[in-house]
Amino acid sequence: MMKQILLITDGCSNVGVSPVVAAAHGKSEGIAVNVVGVLDDGEAGELGAAEIEEIARAGGGLSRMVNRNTLSQTVQMMTRKTVVQTIQLAVQKELKQVLGNGSIEALPPERRGEVVRVMDELSESSGLRVALLIDVSASMKPKLAAVEEAIRDLMLSLQARQGGSEICVFHFPGSRNGEDCMLDLGWTDHLAGVSSIFPKLQMGGTTPTGPALMKVIDFYRHGTYGKHRRDETDGMMSDYVV
Amino acid sequence: MTTSFKPNIRPGMTITGKWKHARYRVERLLGEGSNGKVYLVLQERDRSYCALKVGADAVDLQSEINVLKLLDKEQGRRGALAQDAFLLDVDDLYALDGREYPFYTMKYVRGSTLSDYLKQQGMEWFPLVGLTVLNKLAELHERGWVFGDLKVENVLVADYGYAQLVDFGGVTANGKGIRQFTEIYDRGYWNCGTRTADAKYDLFSYAVLCIHLHESKRLKALTKELLPQNRSETELMRIVLESEGLKPVAGWIGKALSGKFENGREAAEAWRRLMHTSEPSKQTKLPGWLKGLATVSAIVLATSVALLLYNVFI
């Protein structure tokens, strides 16, 4: 079962534990963390770009900066590439054990063909779960329609796979009650009957990227994202809040 | 396309395969795909030309190579449409930047893209070229494959309407997820079905291809205006029904968009029957592309020529 978190955001985190730390937590749980920065032309992105890259690197995933027109394609491409990458890492480990060299490129073409064939089979048939975490700060509001479309498009592509696929959707910040994030859609393999993924949102003022990520990782682990667990996780991590 | 993919391969250079040591002299760049670049090269071995595709990623390119290998393995060399092998050579090369890149060579397909060809030679070639493409799709479908990424740029046409499919990066086995697709040709984009590979997926793309060739401006405008939830075959058919050039094949396109043809063979047969103008009772109007011909004898002549050409190509 392959696990991914896809974070879609347009700005820097500004509250709570560092999202880079959170992403590293994800990676250690076997969850790859991918990040897409959605910036429209003219928006100042330099500040966010560096953080986005770091989050993905810590989370063992990919990052991209796009505008809303290419969001759908980018989301699908990253999801697919991460699946292949995850499998490739596992295969390279095996190769290293058996041949002393983990590089697929070092194999002669015929051998490589066999290995890649197996990788493709696994890519197609493995179970996959993608948790989407969507930034709903004020500047994201005009981009949410594109995000919703990208999510639906991703679902369509995932349904075409032979392996079972599920997505869930969170948004952050959660609400006026100060929750870091909120679940909009629990694990599902179809969007039939879901007319709108995001309810009427009250766009929050803060961007608690790190804490939101931690909650999503929690969700993977326990199936809940813990109002009741908040004290426990926050307790340890809050010591590191800058 | 990976931003760091700069093999810096230039005309006049010689490429030598790392494993098999075959040598190729680079003539020019033919095109760039989503995962690599294709060059026209001269094989030193026998002084013949072939196409050489360099990939940015070894695993990615190998995926494509595996599909081509399977296609070659399955395909018999008998039959009127005997084709050459897809794959000629598979190897790695050392590039100017000091890195190794995977490559494979294949038969060089000469020709212009479908849209260029029809612009230069005239839309009257459309029915024949269309039939050839459908026949190629039919062959793939009969062997359990779906082409996947059918679009105007992936059809090259040489003299007298000889069309060939290129870029097999999207070829997918029946029942699996389509490996590579282009939005407007994808039936999922139009809310008309899944992205699981089947023959009907290709036929949907083919229908959009027909629309693109005749009404590309309207198609582009439609994709810009429509909200995602409103995309549908009805919207596509609206363009078809209001198009002079597409009227003769409107019924056929309607069936292709709604998945009424089971496979490429059935669709090709139906297309061919449309071309068969020796059944005038079935048509109350002259098909658009025959409008230039003034007399009945000219119609008969055109029919005989068409039948002759079909016999040559089928």
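Modeller: Let's start with a term: contact means heavy atoms within 4.5 Å. This is a predicted model, where local features need pLDDT of at least 70 and side-chain atom pairs count only at pLDDT 80 or more, while totals for chains, interfaces and linings use all residues. Residues are numbered from 1 along each chain as its sequence is written, chains are lettered from A, and side-chain values use heavy atoms, with hydrogens and water left out.

Biologist: How many residues of chain B are in contact with chain A?

Modeller: 24 residues of chain B are in contact with 28 residues of chain A.

Biologist: And how do I read the area buried there?

Modeller: The size of an interface is often given as the accessible area lost when the parts come together. Here buried area is the accessible area (1.4 Å probe) that two parts lose on being put together, summed over both. For chain B and chain A this is about 2,000 Å², with 50% of it on carbon and sulfur atoms. B:Trp19, B:Val59 and B:Arg195 supply 28% of the area that chain B buries against chain A, more than any other three residues.

Biologist: How many salt bridges cross the interface of chain B and chain A?

Modeller: A salt bridge is a side-chain nitrogen of Lys or Arg within 4 Å of a carboxyl oxygen of Asp or Glu. The rule finds four across this interface. One of them joins the side chains of A:Glu121 and B:Lys176, at 2.7 Å from N to O.

Biologist: Which secondary-structure elements of chain B touch chain A?

Modeller: Helices (H or I, at least four residues) and strands (E, at least two) are DSSP runs, numbered from the N terminus. Helix 1 (58-74) and strand 5 (87-94) of chain B each supply at least two residues of the side touching chain A. Helix 1 of chain B gives the largest share, five residues.
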